[in-house]
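This report concerns a single protein chain. Please view the sequence and the model together before reading on.

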Amino acid sequence: MVEGTSTGTKTKATGKCAWEAISNLGLGGSADATKGFSGFLTFFENAGYKNGVNLQALPYNWRLDFQDNDLKTRFPKVITEMYNNWGKKIVIYAHSFGNYQTVLNLSKMNQPDKDKMIARYMALGPPYAGAV
């Protein structure tokens, strides 16, 4: 299961701590814009997904260079565990800078594993053309 990246969540072995880590991130702007990602969990749970079972968040330290982040060790582990535990191909959603993390980690997976375990990758707001 996914672990959080903060001191308080690093040793928790549930997907819920990972959702807590990303749901409390603000999107900037007014106070109403805080907890901008909390709606994602509700959306997926309403669609029938179960947090910690077939739904996992994978937070990372966005302040670190995407090539030096510890996600490179957690990403393949989570993909393999999700596939083995659920028995279905994984759909990956990545937001903003997380797309660089995702593309880097997907490029390190061998093609047979990607074909076997990943159904699709959806890039949400990727900064591929830069940021403004």
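## Confidence of the model

The structure is a predicted model. The mean pLDDT of the protein chain is 77, and 71% of its residues reach 70 or more. By element, confidence is highest in helix 5 (residues 111–117), with a mean of 97, and lowest in helix 1 (residues 15–23), with a mean of 60.

Over residues 1–14 the pLDDT is below 50, although this stretch has 35 contacts in the model beyond near neighbours in sequence. Residues 28–34 likewise stay under 50, and for them the model has four contacts beyond four places in sequence. Where pLDDT is low, the predicted coordinates should not be read in detail.

## Overall architecture

The protein chain contains five helices and two strands. Read from the N terminus, their order is α-α-α-β-α-α-β.

The protein chain has 132 residues, of which 32% count as buried. Among contacts with a separation of 6 or more, 57% are between residues 24 or more positions apart.

## Helix 3 against helix 4

Helix 3 (residues 71–86) packs on helix 4 (residues 98–108) at an angle of about 65 degrees, and the two axes are 10 Å apart. Helix 3 is therefore roughly perpendicular to helix 4. The crossing of helix 3 with helix 4 is right-handed.

On the helix 3 side, the contact is formed by Leu71, Lys72 and Phe75; on the helix 4 side, by Gln101, Thr102, Asn105, Leu106 and Lys108. By residue class, this contact between helix 3 and helix 4 comprises three nonpolar, three polar and two charged residues.

## Buried residues of helix 4

Which residues of helix 4 are buried? They are Gly98, Asn99, Gln101, Thr102, Leu104, Asn105 and Leu106. Of these buried residues, Gln101, Thr102, Asn105 and Leu106 also take part in the contact with helix 3.

The packing partners of the buried residues of helix 4 are helix 3, strand 1 (90–95), helix 5 and strand 2 (118–124).

Gly87 lies in the loop between helix 3 and strand 1. Is Gly87 buried or exposed? Gly87 counts as exposed because its relative accessibility is 55%, and the cut-off for exposed is over 50%.

Gly87 and Met117 are 30 residues apart in sequence, while their C-alpha atoms are 8.8 Å apart in space.

Key:
Residues numbered from 1 in each chain as written. Predicted model: local features only at pLDDT ≥ 70, side-chain atom pairs only at ≥ 80, totals over all residues. Heavy atoms only, no water. Axes fitted to C-alpha atoms, helices over the stretch in contact; angles between N-to-C directions. Helix = DSSP H or I, 4+ residues; strand = E, 2+ residues; numbered from the N terminus. Parallel < 35°, antiparallel > 145°, perpendicular 65-115°, else oblique. Left-handed = near helix turned anticlockwise from the far one by under 90°. Contact = heavy atoms within 4.5 Å. Nonpolar A, V, L, I, M, F, W, Y, C, P; charged D, E, K, R; others polar. pLDDT = per-residue confidence, 0-100. Buried < 20%, exposed > 50% of the residue type's maximum accessible area, 1.4 Å probe, protein only.
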